[in-house]
Amino acid sequence: MVHVYNCHPFASQHIVAAEQEPGLVCCGGGAVFVVSAGGCKIEAYELQREGCPLICRFSSMGSVLSIRHSAVGDYLVTIEEKNKATYLRAYTNWRYQAVEKTRVGVRLLGHLLRGSSFRGTPKEQMEIIEIPLFEPPLCMACCSLTGDLLVGCAKSLVVFSLKRQTLSEQLSVLDFERVLILHIQGWSPSQVAFCAGYVALQTELEVLVVKLTPRQKSSAAAEEHALLPEDIMTETSIDEDAEMTKDGFSPLHAQEDFFLFPKHQEMLGNEAQECGISLVLEWTGMEAESRGDMSVVYVLFRRFAPDFFQGCSVEETRLHSLQLHPMFTGKQREASISKRGEPTCVFVFFSLPNTGYMYSLKNTVELVSTYQYPEKAHQAVLSDQFLYIITRNALQCFTVRCSAVAARVDDPYIDTTMKACPPVTMEVCALRIQLFIGLKLLSYTCSAPPNWQEMTTPSSSQHSKNKYRLQNIF
């Protein structure tokens, strides 16, 4: 057995100067996007060129509260606030803003201009797509395989399918179609993830993973995963609560004199149906033939109770960094992505301040690894080979077992006299703790090569013109 005491997984780092304090950071498509602290200006820097030059700079229509990039379609989606109202917007063809005084078009989802304005030479312009919702958006996620968009609201999840509309022989534009609404009974997600049909939801202390799958009417097993009733509470319990209220007594969950802590709970596979969270499908897409052919399969439910012994207060004990991570093996990666095929494995990761959890979702649902952090983690990001976390003053790197799981799924008899694969249950280890000053955000993009980590830190020189910087490590 070989014990690794220290290993530096990075080759070098670049520093990108920013004129204003970065408020939000995300990356994708070979670029890093920086939202200024004011929230109304977005800057894009190119990562794969020396010095990380500025690609373009453009203004948003409101103060950006959240931003994501989709590699499929190369678009940005934001949650913005203006005049105390919250909006969801998508920015397509943003690279055209590299040219000064470029046109910018604003339109509603599904409203494409087909008249005289698109006749003749195609217009190279950035488009801002307004995406209307019945409820204010709380969180969002993009599917890394299809580019579809999932939006989390207080009482529902809305799925938008990415479409490419052909307007003429020379011009095609991106658009979205609202295809599905998942109504949630008594559960408001704080973070969502979306990949390969899997939908992950997270509140402060609970995580739920479901999969949207074609309904197989001939299979009795599929019927076991049918939708739960609209109200998970039985009529008997409702009548009992009504009788108690009528007699002058309040039911236990309505008493204000008690504060009930939830207990730790883990439900895997079919057991997750009993989690008490109801999801009701509503089809809204134009493809009527697909309606009713999808069902919700409950995959994983995990509930945590506040721990007083982990060095965090009850208020600080909350989940963060929810992520769905697909993984392909060998040549299947290129073929699957081009054909929108199924990945070999899909992993879900989520983290408490002192502990991270990674589950494998395909085939058998199981806990693969548990990560114990030496100090409180603010954010974590999972990749194929490493898990990165940031604390107040350090970037830490841990090993992961994604490759071992995928290899054994691809070849269950991989262990022979000629070759072998490390066991999935092998303990993870910390590879590197890199000190920084004032870490704020961590973002990850997979480009081959390199892999980048973007962190915003205040500059050490207080007299420098650019007081803030992005450190890109690969």
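Visitor: Which residues does Leu162 touch, not counting residues up to four places away in sequence?

Guide: This is a predicted model, and in it Leu162 touches Val72, Gly73, Tyr75, Thr146, Gly147, Asp148, Leu174, Asp175 and Phe176, with residues up to four places away in sequence left out of the list. Leu162 itself lies in strand 13, which covers residues 156-166. One of the residues touched, Gly73, is 89 residues apart from Leu162 along the chain, and the two C-alpha atoms are separated by 8.0 Å.

Visitor: Why is Leu162 called buried?

Guide: The relative accessibility of Leu162 is 9%, and the word buried is used under 20%, so Leu162 counts as buried.

Visitor: What makes Val424 buried, and where is Val424 found?

Guide: Val424 is found in the loop between helix 4 and strand 28 (430-435). Its relative accessibility is 18%, and because the cut-off is under 20%, Val424 also counts as buried. Leaving aside neighbours within four places in sequence, Val424 is in contact with Val368, Arg401, Ala404, Val405 and Arg408. The C-alpha atoms of Val424 and Ala404, which are 20 residues apart along the chain, are separated by 5.8 Å.

Visitor: Which residues of helix 4 are buried, and what do they pack against?

Guide: In helix 4 (residues 402-410) the buried residues are Cys402, Ala404, Val405 and Ala406. They pack against strand 21 (320-327), strand 22 (345-351), strand 23 (355-360), strand 24 (366-372) and strand 25.

Visitor: How do you know that strand 25 and strand 26 pair?

Guide: Pairing requires at least two bridges, and four bridges join strand 25 (residues 379-382) to strand 26, the two running antiparallel; therefore they count as paired. Gln379, for instance, stands opposite Ile390 in strand 26, and the two strands form a hairpin with three residues between them. On strand 27 (residues 394-399), strand 26 pairs in the antiparallel sense over five bridges, with Gln396 as the bridge partner of Ile389, and here too a hairpin makes the link, through three residues.

Visitor: Why is strand 26 described as largely enclosed by the rest of the structure?

Guide: Strand 26 comprises residues 386-390, and four of its five residues are buried, so the description follows from that count.

Visitor: How many residues does the largest nonpolar core have, and which have the most contacts inside it?

Guide: The largest nonpolar core has 51 residues, and those with the most contacts inside it are Leu208, Val209, Leu300, Leu324, Val348, Phe350 and Leu361. Among the residues that Leu324 touches, again without those up to four places away in sequence, are Phe194, Tyr198, Val346, Val348 and Leu361. A second, separate core of 22 residues includes Val368, Ala380, Ala406 and Val424.

Visitor: How many cavities of 30 Å³ or more does a search of the whole structure find, and what lines the largest cavity?

Guide: The search finds one cavity of 30 Å³ or more, and the largest cavity has a volume of about 60 Å³. Its lining consists of Ala18, Glu19, Gln20, Glu21, Pro22, Val34, Val35, Ser36, Lys41 and Glu43, which divide into four nonpolar, two polar and four charged residues. Strand 3 (31-36) and strand 4 (41-46) each supply at least two residues of the lining, and the largest share, three residues, comes from strand 3.

Terms used: Residues numbered from 1 in each chain as written. Predicted model: local features only at pLDDT ≥ 70, side-chain atom pairs only at ≥ 80, totals over all residues. Heavy atoms only, no water. Buried < 20%, exposed > 50% of the residue type's maximum accessible area, 1.4 Å probe, protein only. Core = buried A, V, L, I, M, F, W, Y, C linked by side-chain atoms within 4.5 Å. Contact = heavy atoms within 4.5 Å. 1 Å grid on protein atoms, 1.4 Å probe; cavity = no way out; pocket = protein on both sides within 12 Å on 5 of 7 lines; lining within 4 Å. Points joined across faces, edges and corners; volume = space filled by probe spheres on them. Nonpolar A, V, L, I, M, F, W, Y, C, P; charged D, E, K, R; others polar.
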